[in-house]
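The exercises below are meant to be worked with the sequence and the coordinates side by side. Please try each task before reading its solution.

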Amino acid sequence: MSAVANVAVVGSGMCGMTTALALARRGHQVTVFERDPPPPAGNADDAFFNWQRLGAAQFRHPHAFLGGMCNIIRDNYPDLLEAFYAAGARRVGFEEMLPPPLKAQYTQEEGDDRLWVLLCRRATMETVIRRYVETLPNVTIRNRVHVVGLITESAGDGLVARGLEIRDRADEQGVSERVAADLVIDASGRGTRFPAMLRELGREVTEEVEDAEIIYYTRHYRLLPGQSEPPRGENRSAGDLGYLKYGVFPGDNGHFAIILCVPDCEPELKEAVRDPATFDRMCASIPGLEPWIARSEPTTESFGFGDIKAVWRHYVPEGSPLVLGFFGVGDATLRTNPLYGRGCSTGLMHAHILADVLESTTDARERAVRFDARTRDELRPIWEASRNEDRNGTKRALATMTGAAVDRPDSLRKWFGLAFGDALLAAARDDLHVMRGMMRTFHLLERPGDFLKDGKTRRKVMRYMLRGRRRNAGARLQIGPSRAEMLALVGQGASQGAQGAAQEDRARAA
Ligand SMILES: Cc1cc2nc3c(=O)[nH]c(=O)nc-3n(C[C@H](O)[C@H](O)[C@H](O)COP(=O)(O)OP(=O)(O)OC[C@H]3O[C@@H](n4cnc5c(N)ncnc54)[C@H](O)[C@@H]3O)c2cc1C
């Protein structure tokens with residue numbers, strides 16, 4: 001195979017578009033197949049309110065675009081970044097994100113310019129990337145086509161991908177066309193059908209799946225005329241109340257969204273957040289959210305997203321590729337809990353790993369093995385850290401709900417881990433050096449936790465440990481109603497709420 005290939009990309013979501021971008025830059029001829037229609041004509045609001053995006057169910061949930069992704073865009077596609085700004089997206093840097101006490105200590109250091117986010121709605125992000133990619137001479141995007149099959153050929157005892165079977169969305173069933181390709185890239189997201197297609201071909205994709213046991217609820221708002229976003233104050237606009245996590249996602253053009261993330265083990269709260277008026281009352285009771293609610297009007301109902309899982313798929317088990325010339329990128333291969341805002345960043349990294357690997361060799365087997373090795377080396381640590389955070393979150397939610405002591409460790413090692421975690425959060429709240437390190441991990445600019453190898457950071461955290469766990473534990477939770485108060489507020493189980501209050505106080509104190 002020549003270095004330049006005829007590539008079929010399935011899906012034009014975040015990763016499909018950026019894969020097309022990265023591969024087109026390296027000279028490949030790319031055709032993208034997408035089941036949904038293209039974005040409607042018009043501005044960011046037209047895309048947000050009118051684009052039919054049934055293929056990406058998360059499309060109208062807010063997205064944080066972390067440094068990991070933003071730096072790839074800025075370093076490789078500066079003109080694309082300009083297009084985001086023109087559409088209303090904003091850059092918010094490290095200094096601006098600091099709480100007031102840390103901002104007062106701030107002096108610039110090398111690398112700070114890599115700790116930043118782009119604020120805009122996902123609809124804006126997708127529309128801008130799409131319009132940019134469709135101008136590239138070696139990319140064709142075909143909308144309203146469903147990919148229904150993978151065409152393969154036997155080569156010895158292996159399989160090689162040779163193209164796709166597609167169906168026009170106007171057709172009810174069947175295959176309307178067979179298209180040939182040198183390489184097939186699965187960027188069809190969380191609902192990928194390729195593992196099932198490969199099973200039919202006798203190739204089993206093994207999966208690791210863990211449920212985060214949460215439901216994610218969103219409501220969108222717009223600032224009222226003459227209002228601006230509340231200043232950053234002591235009460236954080238994103239945080240954890242123990243039984244509920246919350247966050248504001250500032251968007252573009254005066255829009256923002258609020259998420260409330262409820263553990264599966266809280267049926268009353270899950271029911272309550274579905275009602276938009278109750279959603280607003282809950283938000284107004286949380287000091288970090290109240291100023292946002294007070295100066296805005298809702299633009300949507302509250303709506304939820306379940307099936308939040310950490311998923312990892314193995315396409316090269318024990319170094320043996322299941323099929324050559326086929327690569328899964330983005331959510332189709334690895335998924336993390338959206339609470340951490342990592343999916344688009346890992347997706348972009350994945351697309352660039354693929355582009356590098358294809359350039360590094362033309363040998364089909366070597367490409368599969370190298371892509372798998374780099375994915376495991378660079379993305380697996382992020383995936384594992386996310387899955388471990390999910391496991392801790394599930395345990396904490398259950399403990400809060402049952403009134404058990406939160407985080408009661410059953411071994412010295414676990415006790416040390418929990419005490420260290422609390423001390424780290426408390427130190428980061430007060431100390432710019434520790435915060436800067438933590439943000440490098442947060443923005444996926446290093447392997448998770450690498451900043452803890454720094455002696456100065458470790459010494460600071462140890463000093464906080466000496467203050468005692470009880471004092472540090474407060475840094476984990478934000479100010480807001482207790483679980484019992486929240487249950488009473490939403491009108492569910494007032495008596496249960498009263499009983500729960502005492503239990504909860506005991507649990508928090510433990
Ligand atoms: C509620 C929620 C909130 C999130 N918040 C964040 C966040 O804050 N920050 C962040 O970085 N990530 C976030 N994520 C994760 C992020 O949305 C995904 O990681 C990202 O969209 C993955 O990109 P992708 O291209 O792999 O898949 P997608 O963006 O889902 O795109 C898949 C595309 O494939 C198309 N498709 C599917 N099947 C076919 C087919 N058979 N034929 C043709 N086309 C097909 C779909 O229509 C779609 O366009 C969130 C996820 C969820 C669920």
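Two residues are in contact if their C-beta atoms, placed from the backbone, lie within 7 Å. This is a predicted model, in which local features need pLDDT of at least 70 and side-chain atom pairs count only at pLDDT 80 or more, while totals for chains, interfaces and linings use all residues. Residues are numbered from 1 along each chain as its sequence is written.

**Exercise 1.** Determine where I479 is placed, and decide whether I479 is buried, partly exposed or exposed.

Solution. Begin with the location: I479 is in the loop between helix 18 (469-473) and helix 19 (483-489), helices being DSSP runs of H or I of at least four residues and strands runs of E of at least two, both numbered from the N terminus. Next, apply the burial scale, on which a residue is buried with 20 or more other C-beta atoms within 10 Å of its own, exposed with 12 or fewer, and partly exposed in between. Because I479 has 13 other C-beta atoms within 10 Å, I479 is partly exposed. Finally, list its partners: leaving aside neighbours within four places in sequence, I479 is in contact with N235 and P287.

**Exercise 2.** Describe how helix 3 and helix 12 are placed relative to each other.

Solution. First, take the axes, which are lines fitted to C-alpha atoms, for helices over the stretch in contact, with angles from 0 to 180 degrees between N-to-C directions. The axes of helix 3 (residues 67-76) and helix 12 (residues 343-360) come within 7 Å and cross at roughly 45 degrees. That angle makes helix 3 oblique to helix 12, since angles under 35 degrees count as roughly parallel, over 145 as roughly antiparallel, 65 to 115 as roughly perpendicular and the rest as oblique. The contact is then traced to G68, M69 and I72 of helix 3, which meet C344, S345, L348, M349 and H352 of helix 12.
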